[in-house]
Amino acid sequence: MSQFIIQVNGSVYGDQASFHALQFCQAVIAQGHQINQVFFYQDGVSNANVLACPPSDEPNLNALWREFAKAQSIPLINCVSAALRRGITSEQDAKENGLAQHNCDEQFMMGGLGELVTGIEKADRMVSF
């Protein structure tokens, strides 16, 4: 059994990176391996946008990530710097910056590159999408 850390750099929509990352994570778990965390970086932070509302005939990747992480008890870490630059704001960040709203899904935790480095140290393999 290997321990993985997954990094998602692709946006929630616009390319296939996020969808492929989710499929890979599901396959890793099905093969009996462990995922320590999924780290969303660069445009990948858009996966945490709880206000994304895709058409009904398309998969809701935000909901799929949330359901997967909850079912498997896998932390979803969103790079706070990348998120704030791209308009993804947690409730705490909204309060600290005087913003009226927030849009980061509660299943996603804001973190920094320190969480990524710590996760890499604990994992056997890192896969980036």
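## Basis

The model is predicted: local features need pLDDT of at least 70, side-chain atom pairs count only at pLDDT 80 or more, and totals for chains, interfaces and linings use all residues. Residues are numbered from 1 along each chain as its sequence is written, and side-chain values use heavy atoms, with hydrogens and water left out.

Helices (H or I, at least four residues) and strands (E, at least two) are DSSP runs numbered from the N terminus.

## Helix H1

H1 (17-30) has 14 residues and spans 20 Å from first to last C-alpha, close to the 20 Å expected at 1.5 Å a residue; the expected span is 1.5 Å times one less than the number of residues.

Ala17, Ser18, Ala21, Leu22, Cys25 and Val28 of H1 are buried (under 20% relative accessible area, 1.4 Å probe, protein chains only). Viewed down the axis of H1, these buried residues fall within an arc of 135°, so they line one face of the helix; the arc is that of the directions from the helix axis to the C-beta atoms. Their cover includes E1, E2 and H2. After H1 comes glycine 32, with a positive phi near 90°.

## Helix H2

H2 (residues 61-72) has 12 residues and reaches 16 Å between its end C-alpha atoms, close to the expected 16 Å. Its buried residues are Leu61, Asn62, Ala63, Trp65, Phe68 and Ala69. They pack against strands E1 (3-8), E2 (34-40), E3 (76-79) and E4 (108-111), and against helix H1 (contact: heavy atoms within 4.5 Å).

Just after H2, serine 73 has a positive phi of about 55°.

Methods
Buried < 20%, exposed > 50% of the residue type's maximum accessible area, 1.4 Å probe, protein only.
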